[in-house]
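Work through the exercises below with the model open. Try each task before reading its solution.

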Amino acid sequence: MIDEPAGAAYRIEDLAHRSGATVRTIRAYQDRGLLPRPERRGRANLYADAHLARLRQIADLLDRGYTLASIKELLEAWDAGRGLGGVLGLVAEVDGPWTDEEAVRISRAELDERFGGHPDDAAVAEAVELGVLERIPDQDDTFLVPSPQELAVAAELYEAGVPLSAISGHLRELRGQVEHIASRFLEFTAEHVFARYLGEHPPNDADATEAAALVRRLRPLARQTVDAELARAMQLFAHRQLRRHLGVEKPLADQEETRTVTVPATTMSAVEGLVGAEHAAEFIALAAEREIRARALDTLAAHRSQTADVDEPS
């Protein structure tokens with residue numbers, strides 16, 4: 001809560017310098033009710049350390065993607081004594097790293113050496129666009145690698161003979177599928193775990209603290225589930241592929257091949273909500289088959305109608 005200035009007292013220019021906000025921004029926050037008015041002493045308006053702390057809270061929440069309207073609601077809850085520490089803890093937990101990996105730096109020379117020793121500006125630009133590499137300001141010959149494991153996989157695939165263009169294309173396709181999995185996991189946990197914390201207003205301090213603890217517990221579960229299912233699927237399909245190539249298991253002549261198609265996430269969510277995730281693929285296949293059959297029937301009927309018109313005696 002904001003109290004009367006005590007201890008240090010700042011003029012608005014000093015407060016702007018210490019907080020990093022502009023004088024205009026500070027006055028705008030006051031007009032919006034985000035920052036209490038200063039104390040009037042004679043002809044001077046004086047601000048306290050509490051005002052400085054409030055400005056830093058606002059800046060932190062803005063950096064985390066909150067709007068000024070939602071920040072105002074959070075701060076009003078804090079001023080009403082409902083607490084803000086738990087909410088900020090929840091925000092920090094969600095915004096924190098979801099991996100144990102630590103970013104490393106790599107020089108352009110080392111990067112070229114790991115990928116055949118031949119500079120490839122187009123491949124580097126593609127890696128930057130995909131976020132595999134990040135440029136460092138004022139350092140053209142050095143890059144930040146957010147995921148050393150991802151870069152190591154790309155290097156291994158390249159050494160095995162996979163072209164860089166194929167690696168980047170595969171990553172784009174894989175990323176879309178993984179983002180769908182992440183979206184579904186978040187929808188699932190939001191519905192069954194976090195529903196009571198996701199009301200119209202921010203949770204109180206105790207609920208936010210409890211929700212942050214749940215995030216810590218559930219954070220590794222998505223990766224563990226995907227790891228287990230990926231291992232199962234790789235074993236299944238690798239076994240089938242090897243047997244097929246060795247001639248041990250011939251594909252049946254009438255066995256239908258399957259192909260992967262991209263379906264918008266909103267469409268998949270609607271289908272899964274209608275028939276359940278386990279039946280979504282079958283539903284889409286049957287719906288497509290029904291449409292194909294309906295069009296075939298329409299074609300036959302139209303052909304029959306035309307034939308009847310020709311055969312009809314005049």
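Helices (H or I, at least four residues) and strands (E, at least two) are DSSP runs, numbered from the N terminus. The model is predicted, so local features need pLDDT of at least 70 and side-chain atom pairs count only at pLDDT 80 or more, while totals for chains, interfaces and linings use all residues. Residues are numbered from 1 along each chain as its sequence is written, and side-chain values use heavy atoms, with hydrogens and water left out.

**Exercise 1. Follow helix H10.**
Task: find where the kink lies in H10, and what follows just after the helix.

Solution. 
1. H10 covers residues 205–245, 41 residues in total. From first C-alpha to last it reaches 60 Å, close to the 60 Å expected at 1.5 Å a residue. The expected span is 1.5 Å times one less than the number of residues.
2. The kink is at Arg-217, about 30 degrees, shortly before the proline Pro-220. The bend is the angle between axes fitted to the seven residues ending there and the seven starting there.
3. The buried residues of H10 include Leu-214, Val-215, Leu-218 and Arg-219.
4. Just after H10, Gly-247 has a positive phi of about 80 degrees.

**Exercise 2. Describe the packing of H7 and H9.**
Task: at what angle do the axes of H7 and H9 cross?

Solution. 
1. The axes of H7 (residues 121–130) and H9 (residues 164–192) come within 10 Å and cross at roughly 10 degrees. Axes are lines fitted to C-alpha atoms, for helices over the stretch in contact, and angles run from 0 to 180 degrees between N-to-C directions.
2. H7 is therefore roughly parallel to H9 (angles under 35 degrees).
3. Ala-123, Glu-126, Glu-129 and Leu-130 of H7 meet residues of H9, among them Leu-164 and Arg-175. Contact means heavy atoms within 4.5 Å.

How values were computed: Angles under 35 degrees count as roughly parallel, over 145 as roughly antiparallel, 65 to 115 as roughly perpendicular and the rest as oblique. Buried means under 20% relative accessible area, exposed over 50%, partly exposed in between (1.4 Å probe, protein chains only).
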